[in-house]
Amino acid sequence: MSPGGDLTVGVILQAVYSDAFPAPSDNPALHSTHYPDGAVVHYDFQAHTLSTTLPDGTSVTVAPGKVTSNAEDTECTGNLLVQKNLIVNGFVALNAGMNVQAGKEGRPAAVIKGSMHATVDVTAAGISLVTHPHSGVKKGDDESGGPK
Ligand SMILES: [Fe+2]
């Protein structure tokens, strides 16, 4: 803008939003960065929420007390320690074994609701389910003794 047409005293005004070029948000607490590839990073300093969205729609949101990701896959290349409960709604594959400690307050280490299939054997207190013998067995209608 040049008052009186004198360009030597002209000033450059900031762009003004319009219907043709609307503001990216009407929230003054929301700071956004839009990248040429379509990626967007938002931080709302009133809601204390940080979110980022990539061009393919993958997003991560960090909000007070919660991190949410819609990524199809999440990979952790190091150890993962979960201090509280772990709830899995999908299939679990443990590819290198597992060690389950006894539950708190005398609860069992594991409860399986449904059938369990072992391809080799199951051992309980040192007794093999597959190979344990029975004592006091006679052919006939008698029941065997307990497993050894
Ligand atoms: Fe048996």
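Strands β1 and β2 form a hairpin with five residues between them, and in its turn glycine 38 has a positive phi of about 100°. Strands here are DSSP runs of E with at least two residues, helices are runs of H or I with at least four, and both are numbered from the N terminus. Two strands count as paired if DSSP finds at least two bridges between them. This is a predicted model, in which local features need pLDDT of at least 70 and side-chain atom pairs count only at pLDDT 80 or more, while totals for chains, interfaces and linings use all residues. Residues are numbered from 1 along each chain as its sequence is written.

Five bridges join β1 to β2, which covers residues 40–44. The two strands run antiparallel. Histidine 31 stands opposite tyrosine 43 in β2.

Now step back to the whole chain. The protein chain has seven strands and zero helices. From the N terminus on, the order of elements is β-β-β-β-β-β-β. Five of the strands make an open sheet in the order β1-β2-β3-β4-β5, with antiparallel pairing. Its edge strands are β1 (30–34) and β5 (66–69), each of which pairs on one side only. From one strand to the next, the twist averages 5°. Axes for such angles are lines fitted to C-alpha atoms, for helices over the stretch in contact, and the angles run from 0 to 180 degrees between N-to-C directions.

Move on through the sheet. Five bridges also join β2 to β3, again in the antiparallel sense. Histidine 42 faces serine 51 of β3 across this pairing. The hairpin of β2 and β3 has four residues between the strands. Histidine 48 sits in that turn, with a positive phi of about 55°. Most residues other than glycine have a negative phi.

Next comes the pairing of β3 and β4. Strand β3 (residues 49–53) pairs with β4 over four bridges, antiparallel. Leucine 50 stands opposite valine 62 in β4. Five residues lie between the two strands of this hairpin, and glycine 57 in the turn has a positive phi of about 95°.

The sheet ends with β4 and β5. Strand β4 (residues 59–63) is joined to β5 by four bridges, and the two run antiparallel. Valine 60 stands opposite serine 69. Threonine 61 has threonine 68 as its bridge partner in β5. Valine 62 has valine 67 as its partner there. Two residues lie between the strands of this hairpin, where glycine 65 takes a positive phi near 80°.

Threonine 61 deserves a longer look. This residue lies in strand β4. Is threonine 61 exposed or partly exposed? Threonine 61 counts as partly exposed, because 15 C-beta neighbours lie inside 10 Å. By the rule used, a residue is buried if 20 or more other C-beta atoms lie within 10 Å of its own, exposed if 12 or fewer, and partly exposed in between, with C-beta atoms placed from the backbone. Leaving aside neighbours within four places in sequence, threonine 61 is in contact with Thr49, Ser51 and Thr68. Contact means that the C-beta atoms of two residues, placed from the backbone, lie within 7 Å. Histidine 42 is 19 residues from threonine 61 along the chain, and their C-alpha atoms are separated by 9.2 Å.

Glutamate 105 is found in the loop between β5 and β6 (123–124). Its phi is near 55°, a positive value in a residue other than glycine. Glutamate 105 is exposed, because 5 other C-beta atoms lie within 10 Å. Alanine 125 has its place in the loop between β6 and β7 (127–128). Alanine 125 also has a positive phi, near 50°. This alanine is exposed too, with 5 other C-beta atoms within 10 Å.

Finally, consider the overall shape. The C-alpha trace spans about 120 × 30 × 30 Å along its principal axes. A compact globule of 148 residues would have a radius of gyration near 15 Å, but this chain has 32 Å. That radius is taken over C-alpha atoms, and the globule rule is 2.2 Å times the number of residues to the power 0.38. Of the 148 residues, 1% count as buried. Among contacts with a separation of 6 or more, residues 24 or more positions apart account for 0%.
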